[in-house]
Each structure stands twice: as C-alpha cells, then as structure tokens.
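Hi,

Here is the structure I promised to pass on to you. Have a look at it first, and then read on for my notes.

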Protein chains: 2
Amino acid sequence: MTLTIALDAMGGDHAPGIVIDGAARALRDRPDLRFLLFGDREQLEPLLRRHPTLHGAAEIIHAPSVVADDAKPSVALRQGRNSSMRLAIEAVKEGRAHAAVSAGNTGALMAMSKIVLRTLPGIDRPAIATVMPTRRQPMVMLDLGANVDCTPEHLFQFAVMGEVYARAVRGIARPSVALLNVGTEEIKGDSVVKRAAALIRESGLDIDYRGFVEGTAVPEGGVDVVVTDGFTGNVALKVAEGTVRLLASSLRDALRSSWRAKFGYLLARPALEALRRRFDPRLYNGAMFLGLAGVVVKSHGSTDAIGFANAIRSAAQLVAQGTNERIIAEMRELRAGGARVAAVSS
Amino acid sequence: MTLTIALDAMGGDHAPGIVIDGAARALRDRPDLRFLLFGDREQLEPLLRRHPTLHGAAEIIHAPSVVADDAKPSVALRQGRNSSMRLAIEAVKEGRAHAAVSAGNTGALMAMSKIVLRTLPGIDRPAIATVMPTRRQPMVMLDLGANVDCTPEHLFQFAVMGEVYARAVRGIARPSVALLNVGTEEIKGDSVVKRAAALIRESGLDIDYRGFVEGTAVPEGGVDVVVTDGFTGNVALKVAEGTVRLLASSLRDALRSSWRAKFGYLLARPALEALRRRFDPRLYNGAMFLGLAGVVVKSHGSTDAIGFANAIRSAAQLVAQGTNERIIAEMRELRAGGARVAAVSS
C-alpha cells in the first residue's frame with residue numbers, strides 16, 4: 001500500500017525549496033510514499049525536476065495563493081480558500097491524501113484544519129503534540145498552544161490522545177502519563193489539574209497514570225507523556241528551546257574566545273558534535289494536531305530539508321499506525337463504560 | 001546604620017553549616033550587617049565560634065523546632081510556632097530585624113509570612129520574584145509559584161511590584177516590563193493576560209510597558225521584568241533550570257567521553273569556567289516574597305555558603321533601597337489617581 005501525503009509546498013521560511021528537498025529525502029527512506037504538492041506550479045516544477053525519483057512519485061497541484069506567516073487565523077480562513085495550505089488540508093478531507101504537512105502559520109493551519117476536518121467523536125478540542133528529547137527517553141508533550149484555556153475534561157482528553165500518540169509514534173506498549181504541575185504532591189496546583197487527575201484516575205481506562213510532574217520533567221524525562229494546557233505548554237516548549245539555543249551559542253562563543261579554547265574545541269569536536277546531534281531539533285520536527293478527523297502535521301517554520309523530511313516521516317507513521325482510529329476506539333470505550341465517567345465528569 | 005537580618009539557621013538541605021558560613025561571607029562584603037540566628041543553640045554555637053568576626057555581629061536565639069522540608073503549609077502553621085522559620089519571620093514583624101532569610105520549605109515560609117506580616121496596602125497577594133540570567137541583561141521574573149490562580153488585577157499588581165523590585169535590586173531607573181504569553185501579538189493569549197495588559201496600559205502609572213513576550217524571552221531577555229501567574233512562572237523557571245542542568249551534565253559527559261575530548265577540555269577549560277560562572281545559579285540565589293509588609297527572602301534549599309551569602313545580600317539591598325516603601329507609594333498613587341483605575345478595573 002502506498003501512503004499519500006499532501007504537502008503545503010509554500011509554507012515556512014524556506015519554502016518551497018526545503019519542502020521539495022525534504023520530500024525527496026523522506027522518499028529515499030520510505031519508497032511507499034506518494035506526494036501531492038500544493039503551491040505555485042511555476043516555482044515548483046523546476047525544483048521537482050532536480051529530483052527524478054520524487055518526480056515520479058509526486059503530483060503538483062497549483063494553488064494560486066499562500067497564507068502569510070503573520071496572518072490572523074480569521075483572516076486566513078476568509079481569504080485563504082485557494083491557498084496551498086487550505087488545499088492540502090482539503091485533500092485529506094476528500095480522501096485524496098492520508099495526511100497533510102505544512103511549515104506555515106500555525107494558527108491558520110489549526111483554524112483551517114478544524115473547519116475542514118472537524119474533531120474526532122468524543123474530542124472537544126484538538127491539541128498540538130510533539131516528541132521532545134530529554135535526559136532519559138524522548139517524551140510526548142501536549143498541548144503546545146492550541147488551547148490557552150482548558151477545562152479538566154480537555155486535559156483528560158489530551159491525556160487519552162497523548163497516550164495513543166506515544167504508542168503510535170514511539171511504539172511503547174503502555175506509555176506512562178503525567179500532568180504538568182507546580183509540584184508532585186496531590187495537594188499542589190489549581191483546581192483544573194486536580195480535577196483532571198481525578199478524571200484520569202476514575203476513567204476506568206487502562207492508562208499508566210503517574211500523577212503530577214514539575215517543569216524539571218520537561219528536560220529530565222521520566223514519563224512518556226506530559227499533559228498540560230496550551231498556555232503552559234507553549235511557554236514551557238519555548239523556554240526549553242530558547243535555553244538550548246542560548247547555551248549552545250554561549251558555548252560556541254566561549255570556544256572561540258581564545259586560541260587556547262579554539263584548539264581545545266578542535267580536539268573535543270567529535271564529542272561535541274555527537275552532543276549537538278543528540279539535541280538536534282530537526283530530529284524532533286513535526287508536531288501533530290491530535291484530535292482532528294484527519295492527520296495534520298505542523299513542521300517548524302524555520303527548519304531545513306532534514307527537519308521537513310522528519311515531519312513527513314512522522315505524518316506517515318501516524319497514518320500507518322492508525323493513530324486516529326485508536327483514539328476513536330478509546331473514546332468509544334470510554335462512552336460505553338460510560339456511567340462511571342459521566343458521574344465523575346458532572 | 002546597621003542592617004539586622006534574621007536567619008532561619010535550620011532551613012535547607014545543608015543547614016545550619018552553610019547558613020553560618022554564608023552569613024560570615026556576606027559580612028565580609030557588608031560590615032554593616034548584624035544577624036539574629038534562629039535555631040538549635042547547641043548546633044549553632046560551635047559553628048559560630050569558627051567565625052570570630054561573625055561571632056561579634058550575631059546573636060543566637062534558640063528555636064526548639066524545625067519546619068520539615070515536606071511539611072504541608074497548613075501543618076507547618078499549626079505545629080511550627082516555635083520553629084526557627086517562624087521565629088525569624090516574627091523578628092521582622094516585631095521590628096527586631098529588617099529582613100528574614102530562609103532556605104527552608106517554600107510553601108511554609110510563604111504561609112507563615114502571610115499570617116505574620118500580612119500584605120502591603122493595595123496588594124491582594126504576595127508573589128515570588130527572582131532575578132534570572134539571560135542572553136542580555138539579568139531579568140526579574142514573577143510570580144514563580146505563590147499564586148497558581150491569578151486574576152488580571154493580581155498580574156497588574158505583580159507588574160507594579162516587579163518594576164519597583166527591578167529598580168531596587170538592579171538599580172535600573174525605568175525598567176521595561178512585559179507579560180508572558182503564547183505570542184507577542186495583542187490578540188494572543190487568554191482573557192486574563194489580555195485584561196492585565198489593559199490594566200497596566202490604562203493605570204496612568206509611569207511604567208515602561210512593552211506588551212507580551214513569549215517563553216523564548218525567559219532565556220533571551222530583552223526586558224527587565226517579566227510578569228506571569230504562579231503556575232506558568234513556576235513551570236517556566238523549572239524548565240529553564242532543568243534544561244541548563246541537563247545540558248551542563250551532557251557537556252561534562254561528552255568532554256569525558258574520550259582521551260581526545262578530555263585533552264580538549266583541559267585546553268578549553270578557562271573559557272568553559274567563565275561560561276559556567278556566568279550561569280552559576282548561586283549568583284542569582286535569593287527569591288523575594290514581594291508584597292508582604294516585611295522583607296522575606298527565600299534561598300534555594302540546596303545552595304551552598306556562596307549562594308546563601310547572595311540571598312543575604314539581596315535581602316539587605318531590598319531593605320536599603322526601601323523596596324516596600326516604594327511599592328506602598330506606588331499603590332497609594334494608584335488609588336489617589338484612582339477614578340481612572342477603578343473604571344478600568346470594574
């Protein structure tokens with residue numbers, strides 16, 4: 001079976017070049033992929049011609065407009081009906097593609113995805129999830145900014161979706177799940193996380209729930225899935241990314257600050273390169289919009305072809321693993337086993 | 001004039017040793033300091049005898065009990081009436097000390113401080129504030145966890161207090177202030193930050209308000225004060241601290257991974273040491289409980305004498321700069337210039 005991925009070829013800082021190069025790279029690893037490239041035909045054709053294999057596995061579909069990076073979601077919805085982003089999402093809706101990938105405007109991509117694809121049965125709000133490197137195993141974190149206001153029920157649904165996502169993309173049989181909080185004790189936190197903890201515990205679902213973790217767990221790891229509201233998750237992700245960037249650049253400056261340091265760097269370089277690769281954000285590129293009736297993956301806007309290829313790979317994996325079908329099944333089980341959940345929810 | 005600091009000599013992981021050593025160290029820089037040492041006299045006396053200068057500038061006041069690190073605030077309040085922590089705070093209340101410093105249980109210290117000292121006029125809730133290193137200038141951040149649920153009015157009061165704090169401890173004539181959010185555009189965020197932004201803008205106070213900043217601003221800097229609720233602030237601080245620790249230990253491991261890397265490290269060592277010093281958390285030790293009618297500074301529980309001395313120094317600075325008097329004056333000005341503020345608040 002082939003997997004068809006719809007690409008917003010015009011979204012992101014370095015589109016369409018890195019999108020085409022990224023698709024070619026992903027195809028080398030997964031020859032079962034096919035691509036629908038949405039964007040400006042005149043720009044895309046010469047780029048595609050440089051990749052003979054991809055040329056045979058991709059179709060360009062002309063999209064006359066592009067969603068601007070700074071467009072408000074509401075404006076993008078009104079004015080972006082013929083945009084590369086919108087047409088890529090519609091290809092998923094219409095069954096012509098199994099998933100869509102875009103490096104464009106996150107807010108617009110989420111708004112369009114919600115309107116076009118709708119949410120899965122039992123899910124009130126989609127969440128943005130990604131896999132992050134930690135001291136221990138890589139960890140799934142959600143929501144990263146789709147929902148700035150969350151109820152306990154939303155967090156509970158994120159926990160269910162995040163657990164399924166970890167099984168799909170990380171292949172963990174029974175992922176451990178925790179809620180992000182200001183302390184690990186049960187009495188800590190606001191009423192929303194406390195209630196969400198009760199909902200998970202009392203749901204009757206077979207979730208390996210580990211209670212609360214603190215912000216230190218984001219770099220330290222220790223659980224497979226960390227659940228939080230979109231406000232806190234967005235801030236936590238950006239603090240972590242920014243801190244890595246700050247330390248990396250400070251280290252670079254330090255190792256250029258004298259001849260002695262420069263020589264030391266030359267010697268330590270292979271070890272430092274291995275370290276850099278371990279935390280390379282491109283390896284973790286590709287955030288999933290979980291909870292939509294269709295697979296949509298958001299690539300970092302400033303990534304390169306290596307990063308974009310990883311976003312494509314994770315989209316393919318989510319489809320191949322039947323992530324959405326699993327979420328639907330979990331939510332159905334929840335409603336069937338229902339009275340108990342309804343009792344704790346009300 | 002001398003400044004008297006009440007020390008909870010028993011609080012923290014390495015008390016009372018680092019408390020006494022830290023006091024001796026702080027006294028070397030600021031001979032105007034005097035200390036009240038609250039704790040177990042039998043343990044404290046031999047330690048104090050090792051520091052002749054400090055011996056002449058300090059008085060031991062026996063406290064029969066210690067607040068446990070894992071005690072719930074409510075339990076500490078009930079059972080800790082004769083604890084070193086409680087007695088140190090009461091010394092501030094009774095005017096025998098200008099400020100109190102403790103490396104003990106944060107929740108208990110905040111609860112006791114609120115009960116004993118009360119909040120300043122015009123302030124509904126105290127906040128925890130600290131100074132953090134960034135790529136650019138050090139930055140004040142608050143609240144770091146005292147208030148997990150915040151209204152726009154709370155965030156507004158934090159902004160006023162944070163601005164005064166930045167003037168006091170960092171000596172900035174007109175500190176720039178921003179609200180932490182999921183994006184920089186005015187339309188971003190939940191209703192609480194949006195309303196807080198309006199309150200600051202319309203307050204009539206002479207605050208250099210710069211709008212919203214994202215999580216990346218925590219490591220990047222760019223403003224002097226970042227204001228957020230205690231839930232997000234606590235997570236952001238712990239993500240940043242944990243990420244620094246993770247990268248530092250990964251770097252250490254990398255530089256020990258081969259003989260070549262070890263030799264490189266030896267050469268680059270002076271440059272790397274300078275880098276380590278720049279981000280040394282001990283330099284930034286000492287979080288202020290802003291908004292209390294009295295100066296209380298919380299030291300990191302696991303710090304050493306160098307870190308504890310810095311917590312003492314910042315307590316002394318907060319007293320010497322009249323931080324609380326300035327906050328009272330700002331809040332009074334706000335109420336005097338009042339109709340406008342009342343109109344936007346209601």
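**Salt bridges**

Asp280(B) is buried, at 8% relative accessible area. Please keep in mind throughout that this is a predicted model. The side chain of Asp280(B) meets that of Arg282(B) in a salt bridge, with 2.9 Å from N to O. Arg282(B) counts as partly exposed, because its relative accessibility is 23%, while buried would mean under 20%. Elsewhere, Glu163(A), Arg167(A) and Glu330(A) are joined into one network by salt bridges that share partners.

How many salt bridges does the structure hold over all chains? The total is 34.

Arg313(B) is partly exposed at 22% relative accessibility, whereas Asp29(B) is exposed, with a relative accessible area of 51%.

In chain A, Glu185(A) pairs with Lys188(A) in a salt bridge, and their closest N and O atoms are 3.5 Å apart. Are these two partners buried, partly exposed or exposed? Glu185(A) counts as partly exposed at 38% relative accessibility, and Lys188(A) is also partly exposed, at 30%.

**Nonpolar cores**

The largest nonpolar core has 232 residues, and those with the most contacts inside it are Leu7 and Phe35 of chain A and Leu7 and Phe35 of chain B. Another core, of 22 residues, lies apart from the largest one; among its residues are Leu247(A), Ala271(A), Leu247(B) and Ala261(B).

**A cavity and a pocket**

The count comes to 1 cavity of 30 Å³ or more. The largest cavity has a volume of about 40 Å³. From chain A, its lining takes Leu251(A), Leu255(A), Gly264(A), Tyr265(A), Ala268(A) and Leu272(A); from chain B come Leu251(B), Leu255(B), Gly264(B), Ala268(B) and Leu272(B). The elements that give two or more residues to this lining are α11 (259-278) of chain A and α11 (259-278) of chain B. α11(A) gives the most, with 4 residues. By class, the lining of this cavity has 9 nonpolar residues, 2 polar and no charged.

The second largest pocket has a volume of about 450 Å³. Its lining has 26 residues, and those nearest its centre are Asp149(A), Asp190(A), Val148(B), Asp149(B) and Asp190(B). At least two residues of the lining are supplied by each of β7 (176-180), α8 (191-202) and α10 (230-254) of chain A, and by each of α8 (191-202) and α10 (230-254) of chain B. Which element provides the largest share of this lining? That is α8(B), with 3 residues. The lining of this pocket divides into 15 nonpolar, 5 polar and 6 charged residues.

Best wishes

Key:
Residues are numbered from 1 along each chain as its sequence is written. Chains are lettered from A and ligands numbered from 1 in the order in which they are written. This is a predicted model: local features need pLDDT of at least 70, side-chain atom pairs count only at pLDDT 80 or more; totals for chains, interfaces and linings use all residues. Side-chain values use heavy atoms; hydrogens and water are left out. On a 1 Å grid over the protein atoms alone, a cavity is a set of points where a 1.4 Å probe fits but cannot get out, and a pocket is an open set with protein on both sides within 12 Å along at least five of seven lines; lining residues have an atom within 4 Å of a point. Grid points are joined across faces, edges and corners, and a volume is the space filled by probe spheres set on the points. Ala, Val, Leu, Ile, Met, Phe, Trp, Tyr, Cys and Pro count as nonpolar, Asp, Glu, Lys and Arg as charged, and the others, Gly among them, as polar. A salt bridge is a side-chain nitrogen of Lys or Arg within 4 Å of a carboxyl oxygen of Asp or Glu. Buried means under 20% relative accessible area, exposed over 50%, partly exposed in between (1.4 Å probe, protein chains only). A nonpolar core is a set of buried Ala, Val, Leu, Ile, Met, Phe, Trp, Tyr and Cys residues joined through side-chain atoms within 4.5 Å.
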